Amino acid sequence: MANQHKGEVAFDADDKQYTLRYSIDAICCLETETGKGIVALLSEFQDPSKITLTLARQMMWAGLREHHSEVTVKEAGELIIKAGGLMKFIEVLNHSFAASFGLEEGKKNPRKAGGQN
C-alpha cells in the first residue's frame with residue numbers, strides 16, 4: 001500500500017498495484033540515465049511539446065525502483081500503456097512528484113508558516 005507521507009503514489013496496471021516513489025535515489029538514477037538534472041527534467045515534463053516517450057519511460061522506471069526493482073526499462077514503458085496511457089501517467093507522475101517534495105495541493109510552504117520567509 002502506498003504511503004503518501006513518503007511521497008508514494010499507487011496505480012493499477014494488469015490487475016496489479018504498483019507504487020511510484022521519487023526518492024533521492026530514484027531521482028539520482030533518473031539523472032544518471034538521462035544526463036539531465038531534476039530541474040531540467042521537470043521542466044521538460046511540464047511542457048507537452050517537450051515530452052518524449054523515452055523520458056516518460058525513464059521516469060516510470062526510476063519511480064518504480066524502490067518497490068519494484070525487478071521491472072525493466074522496457075516493462076516500465078509497457079506499464080505506461082497498461083496503466084491508462086501517457087496522459088494518465090503524467091497525472092500520476094505529477095501527483096507523485098508533488099507528494100515526494102511536500103508540494104501537495106493545499107499544503108503550505110513550511111518556510112512561510114507564521115509569516116517567515
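## Cavity, core and salt bridges in a predicted model

About 30 Å³ of space lies in the largest cavity. A cavity here is a set of points, on a 1 Å grid over the protein atoms alone, where a 1.4 Å probe fits but cannot get out, and lining residues have an atom within 4 Å of a point. Grid points are joined across faces, edges and corners, and the volume is the space filled by probe spheres set on the points. This is a predicted model, in which local features need pLDDT of at least 70 and side-chain atom pairs count only at pLDDT 80 or more, while totals for chains, interfaces and linings use all residues. Residues are numbered from 1 along each chain as its sequence is written, and side-chain values use heavy atoms, with hydrogens and water left out.

**Fold**

The chain has five helices and two strands, and from the N terminus on the elements run β-β-α-α-α-α-α. Helices (H or I, at least four residues) and strands (E, at least two) are DSSP runs, numbered from the N terminus. Of the 117 residues in the chain, 38% are buried; buried means under 20% relative accessible area, exposed over 50%, and partly exposed in between (1.4 Å probe, protein chains only). Contact means heavy atoms within 4.5 Å. Among contacts between residues at least 6 apart in sequence, 57% join residues at least 24 apart.

**Cavity lining**

The structure holds one cavity of 30 Å³ or more. The residues that line the largest cavity are Phe11, Met60, Ala83, Lys88, Phe89 and Val92. Helix 5 (residues 86–100) gives the largest share of this lining, three residues. By class, the lining has five nonpolar, no polar and one charged residues. In this scheme Ala, Val, Leu, Ile, Met, Phe, Trp, Tyr, Cys and Pro count as nonpolar, Asp, Glu, Lys and Arg as charged, and the others, Gly among them, as polar.

**Nonpolar core**

A nonpolar core is a set of buried Ala, Val, Leu, Ile, Met, Phe, Trp, Tyr and Cys residues joined through side-chain atoms within 4.5 Å. The largest such core has 29 residues, of which Phe11, Phe45, Met59, Met60, Leu64 and Phe89 touch the most other members. Two or more residues of this core come from each of strand 1 (8–13), strand 2 (16–21), helix 1 (24–34), helix 2 (38–46), helix 3 (53–64), helix 4 (73–82) and helix 5. Helix 3 supplies the largest share, seven residues.

Met59 lies in helix 3 and, at 0% relative accessibility, counts as buried. Leaving aside neighbours within four places in sequence, Met59 is in contact with Tyr22, Leu30, Phe45, Phe89, Leu93 and Phe97. Phe89, not counting residues up to four places away in sequence, touches Leu20, Tyr22, Phe45, Ala56, Met59, Met60 and Ile80.

**Salt bridges**

The structure holds three salt bridges, each defined by a side-chain nitrogen of Lys or Arg within 4 Å of a carboxyl oxygen of Asp or Glu.

| Residue | Partner | N to O distance |
|---|---|---|
| Asp14 | Lys82 | 3.1 Å |
| Glu66 | Arg21 | 2.7 Å |
| Lys36 | Glu44 | 2.7 Å |

Asp14 and Lys82 form a salt bridge. Asp14 lies in the loop between strand 1 and strand 2 and Lys82 in helix 4, so this pair ties together parts that are 68 residues apart in sequence. Lys82, at 42% relative accessibility, counts as partly exposed.

Glu66 is bridged to Arg21. Because Glu66 lies in the loop between helix 3 and helix 4 and Arg21 in strand 2, the pair ties together parts that are 45 residues apart in sequence. Glu66 counts as partly exposed at 40% relative accessibility.

In the pair of Lys36 and Glu44, Lys36 counts as partly exposed at 33% relative accessibility, whereas Glu44 counts as buried at 17%.

**Loops**

Most residues other than glycine have a negative phi. Asp14 has a positive phi near 55°, and Asp15 has a positive phi of about 60° although it is not a glycine. The place of Asp15 is in the loop between strand 1 and strand 2, and at 86% relative accessibility Asp15 counts as exposed.

Thr72 is found in the loop between helix 3 and helix 4 and counts as partly exposed at 39% relative accessibility. Thr72 and Trp61 are 11 residues apart in sequence and 7.1 Å apart in space, C-alpha to C-alpha.

Methods. On a 1 Å grid over the protein atoms alone, a cavity is a set of points where a 1.4 Å probe fits but cannot get out, and a pocket is an open set with protein on both sides within 12 Å along at least five of seven lines; lining residues have an atom within 4 Å of a point.
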